[in-house]
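Welcome, and please open your viewer with the sequence panel beside it. We will go from one selection to the next, and at each stop you will find out what is there.

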Amino acid sequence: MTKRDNNRGSYEVTDLTSLEKLEPVRVRPGMYIGSTGTKGLHHCIWEILDNSIDELANGFGDKVVVTLNKDKSVTIEDNGRGIPTGIHPIKNKSGVEMVYTELHTGGKFNNSNYKTSGGLHGVGAAVVNALSKWLEVEIKQKGNIYKQRFHYGYDKELNRDMPGTPETALEIVGKTKETGSKTTFLPDSDVFGTIDFKMDTIEERLLELSFQNKGITLVLRDERKDEVTEKVFHSERGLLDFIEYLNESKTVLHKDPVIFQGEKEINGLMVSGEVCIQFTDSTTEHIASYVNNIPTKEAGTHETGFKTGMTRAFKEGAKKLGLIKEKDKEFEGDDVREGMTAIVKVKITNPVFEGQTKTKLGNVEAYSAMNELAYIKLGEWIEDNKELATSIINNAISAAARREKIKKINEAEKKKIGNGTSPLAGKVAVCTLKDNTVTEFIVVEGDSAGGSAKQARDRRFQTIMPSKGKIMNTEKQKLENVLASEELRIFNTAIGTGVLENFKVEELKYDKIIILSDADVDGYHIRTLWMTYVYRYMREMIQQGKLYIALPPLYKVYKMTKNGEVHKYVYNDEELEKAKKEIGKGALIQRYKGLGEMNADQLWDTTLNPATRTLQRVTIDDAAKAEKMVSLFMGDVVEPRRNYMYSHGEF
């Protein structure tokens, strides 16, 4: 054993570092906006937008305009009260400068200014400032137009460059009778890389906000191209418009949605809830939940409380209607919610979220309030709508029977595996390692490509399942047909999780589930069919980040030299010309029509080798949008799909 060098391992006070002002945001941006990729980039818009929506939601103003500018900056302007411009008696700074340069500064830490708010921690504006090359704010208030600009630049106090440094103090630049706040910022490419805001992502957010705040107007302007485009979002019916939008591509079982609301004070917190429900002929449920206008994709206590109250109401209703007897096996909440689309909206003073990105609510008060609200209101609805309630309960009883059937099928499949009679034999090339933190399960389109993949794979950690062409469209199939599919049974048995209510992500045998199909129209369709199946029957797999798409190359650009072949794989048409220039004069192009054209070495280099391949993780950033698009593209209702394809003809 070598002697320890205590001098080299010393830890002194001089080793300590103190981050000043907005430096913590710059050093650890993921703590504040989740990531520095596309999701984090758009989160900067949400932070400023949420502040504007809080003004409108509390009765101050009725309009917000979001503008994407030519220089890649974004402007968000509202007609609310405007950020306070006065000088703080202790800080000796304007309220505007405090909001944009100091973390945990805002008017939302008590309830005197905002009854409810989405921006809670007082960090949103300052975080955006910290992650921008420059930020400019304009306030209309007290008859004046105030302006201040910040940038990443020299800080006299600290004698070094700092994020969010004021260029000037807040100054009056004009007069006006209007009120409101206008923020323009340019995200720093040193933080985010490529600055590319997506219109459809912003549109979906504004659309949801318009549904949740009926009567307000949201405008999205895109000035990045010569032809300026503008979209206006406005809803007069709120959640009724929202649920109609979500179910546009589904067959609804009743025309008029169930809608109710109420509020209750618990432990000094006021909880106001609103719920809209409509049942469809789908075999799965979809709940879009929100707290103070913020989408809670990881749900939380408000959604759990709603589910519990709903289950209680329907179980009691079933007994009153004589549909089940005391000795009968009861249906569960999942059974009642089969085919249900629901929007659960809560407004609460001082909500407790898990993390700054606010994806899961933690208040027990929200659970109690929504549990009671759903139980009472749905109990009343069942009394007044006995025929429809009977239909829903009978469907729940049938769903419970199917659930038991699925459970028995899963147990039977596990017994087959234990007895060595699994249907996998000869159909799936299983890897040798059993460590589910490193292993990969790869579904490959076609027997030909599957054969090459079996030869090319690293058999230690990569399992290959050749797929026989296209699986069924599970969006259109009954549960019994899906369970009877041999291809899907092989897949289910191989990965080990079970499906629907019996799905257990902890039993997943692999770290990654990868779909590998040709880079053509049929390949995209196969990819979509598999994603639809996983989304409907194993959604948590996507939520846990386990589902991936492998992206095979479209071309190989190459030429022979004295030292052998020089080549470059190209994944889209835009890269082709660049690759030809890199290879140089005499470059040849091979167009891959399918994976079957690749030999084992090429397949390994391009799509299987973790060091050189390109994988795309499948995510659900917006649950409402995901539900809408799956139903739109894969469902039975044709007209909405046709309209979408006509309006997005160049996508």
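The stops below follow helices, strands and single residues.

**Before you start.** This is a predicted model, where local features need pLDDT of at least 70, side-chain atom pairs count only at pLDDT 80 or more, and totals for chains, interfaces and linings use all residues. Residues are numbered from 1 along each chain as its sequence is written, and side-chain values use heavy atoms, with hydrogens and water left out.

Stop 1: Select residues 286-291, which form strand β12. Helices (H or I, at least four residues) and strands (E, at least two) are DSSP runs, numbered from the N terminus. Six of the six residues in β12 are buried, where buried means under 20% relative accessible area, exposed over 50% and partly exposed in between (1.4 Å probe, protein chains only). Show the side chains: His286, Ala288 and Tyr290 point one way, while Ile287, Ser289 and Val291 point the other way.

Two strands count as paired if DSSP finds at least two bridges between them. Look for Tyr290, which stands opposite Lys345 in β14.

Val291 has Ile294 in β13 as its bridge partner. Two residues lie between the strands of this hairpin, and Asn292 takes a positive phi near 50°.

Stop 2: Select Leu378 in helix α11 (residues 364-384). Is Leu378 buried or exposed? Leu378 counts as buried, because its relative accessibility is 2%. Leaving aside residues up to four places away in sequence, Leu378 touches Val258, Phe260, Ile277, Met310, Ala313 and Phe314; contact means heavy atoms within 4.5 Å. Leu378 and Ala313 are 65 residues apart along the chain, and their C-alpha atoms are separated by 6.1 Å.

**Stop 3: Glu203.** Move to helix α7, residues 199-212, and pick Glu203. Glu203 is buried, with a relative accessible area of 17%. Which residues does Glu203 touch, not counting those up to four places away in sequence? They are Leu220, Lys231 and Phe233.

**Stop 4: a five-stranded sheet.** Here the strand order is β16-β15-β17-β18-β22, in an open sheet with mixed pairing. The edge strands, β16 (462-467) and β22 (615-617), each pair on one side only. Strand β15 (residues 440-445) runs parallel to β16, and six bridges join them. In this pair, Glu445 has Ser467 in β16 as its bridge partner.

**Stop 5: a three-stranded sheet.** Another open sheet has the order β20-β19-β21, with antiparallel pairing. β20 (564-570) and β21 (588-591) stand at the edges with a single partner strand each, so one side of each has no neighbour in the sheet. Select strand β19 (residues 555-561), which pairs with β21 over four bridges. Tyr558 stands opposite Leu588 in β21.

**Stop 6: one side of a helix.** Finish with helix α19, residues 600-608, where the buried residues are Ala600, Gln602, Leu603, Thr606, Thr607 and Leu608. Why do they lie on the same side of α19? They do so because they cover an arc of only 150° around the axis, taken from the directions from the helix axis to the C-beta atoms.
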